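Trainee: I am new to this structure and would be grateful for a close look at a single part of it. May I begin with one residue and ask what surrounds it?

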Amino acid sequence: MLVPYLLMFLHSFWTVRDGVILYHWNFANYALLFKNPLYIEVLFRTARIAASVTLLSLLLGYPLAYFLSFHAARAKNFSTN
């Protein structure tokens, strides 16, 4: 799972001209990211949505897992093998 993230991070340093990726390292993409306020707004909105989804998943997932760990023990003994 970390390899695609690493590749995407590395690609973010390359130059794009006329829709073609040029394998030249630069920081212009990040300079543009921090100059344009729209990009910053979208970045923070995305982070807020991701944090909300993570929190909601934890709030729903842990109680369900806790319940199933104690109450589903009887059902796991029934096997169709």
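Which backbone oxygen does the side chain of T15 reach, and at what distance?

Mentor: The side chain of T15 reaches the backbone oxygen of H24, at 3.3 Å; this is a polar contact (N or O atoms within 3.5 Å, one able to donate a hydrogen and the other to accept it; neighbours in sequence count only through side-chain atoms on both sides). The model is predicted, with local features needing pLDDT of at least 70 and side-chain atom pairs pLDDT 80 or more, while totals for chains, interfaces and linings use all residues. Residues are numbered from 1 along each chain as its sequence is written, and side-chain values use heavy atoms, without hydrogens and water.

T15 itself belongs to strand β1. With a relative accessible area of 11%, T15 is buried (under 20%; exposed is over 50% and partly exposed in between, with a 1.4 Å probe and protein chains only). Leaving aside residues up to four places away in sequence, T15 touches V20, I21, L22, H24 and N26, where contact means heavy atoms within 4.5 Å.

The protein chain holds three helices and two strands (DSSP runs of H or I over at least four residues, or of E over at least two, numbered from the N terminus). Read from the N terminus, the order of these elements is α-β-β-α-α. Of the 81 residues in the protein chain, 5% are buried.

The two strands deserve attention next. β1 and β2 pair in the antiparallel sense over four bridges, given that pairing requires at least two DSSP bridges. Within this pairing, R17 stands opposite V20 in β2; V20 is also one of the residues that T15 touches. Two residues separate the strands of the hairpin, and D18 has its place in the loop between β1 and β2. Although D18 is not a glycine, its phi is positive, at about 55°. D18 is exposed, with a relative accessible area of 82%, whereas T15 is buried.

The whole structure contains seven aromatic pairs (ring centres of Phe, Tyr or Trp, the last by its six-membered ring, within 6.5 Å; stacked under 30 degrees between planes, edge-to-face over 60, tilted otherwise). In one of them, the rings of F13 and W25 have centres 5.8 Å apart and planes at 40°, so the pair is tilted. F13 lies in the loop between α1 and β1, and W25 in strand β2 (residues 20-25), so this pair ties together parts that are twelve residues apart in sequence. F13 counts as buried at 11% relative accessibility, while W25 counts as exposed at 56%. Another pair joins W14 and Y23 edge-to-face, with 4.6 Å from centre to centre and 85° between the planes. Ring pairs link F9, F13, W14, Y23, W25, F27 and Y30 into a cluster.

A polar atom of the side chain of S12 lies 2.5 Å from the backbone oxygen of F9, and F9 is one of the residues in the ring cluster. Apart from residues up to four places away in sequence, S12 touches N29 and Y30; Y30 is likewise a member of that cluster. H11, for its part, is found in helix α1 and counts as partly exposed at 39% relative accessibility. The C-alpha atoms of H11 and W25 are separated by 9.1 Å, with the two residues 14 places apart along the chain.

R45 and E41 meet through their side chains in a salt bridge, 2.8 Å from N to O (a side-chain nitrogen of Lys or Arg within 4 Å of a carboxyl oxygen of Asp or Glu). By this rule the count is one salt bridge. Both residues lie in helix α3 (residues 37-71), four residues apart, about one turn of the helix. R45 counts as partly exposed at 38% relative accessibility, and E41 counts as partly exposed at 43%.

To return to the request: T15 sits in strand β1, is buried at 11%, and has its side chain 3.3 Å from the backbone oxygen of H24.
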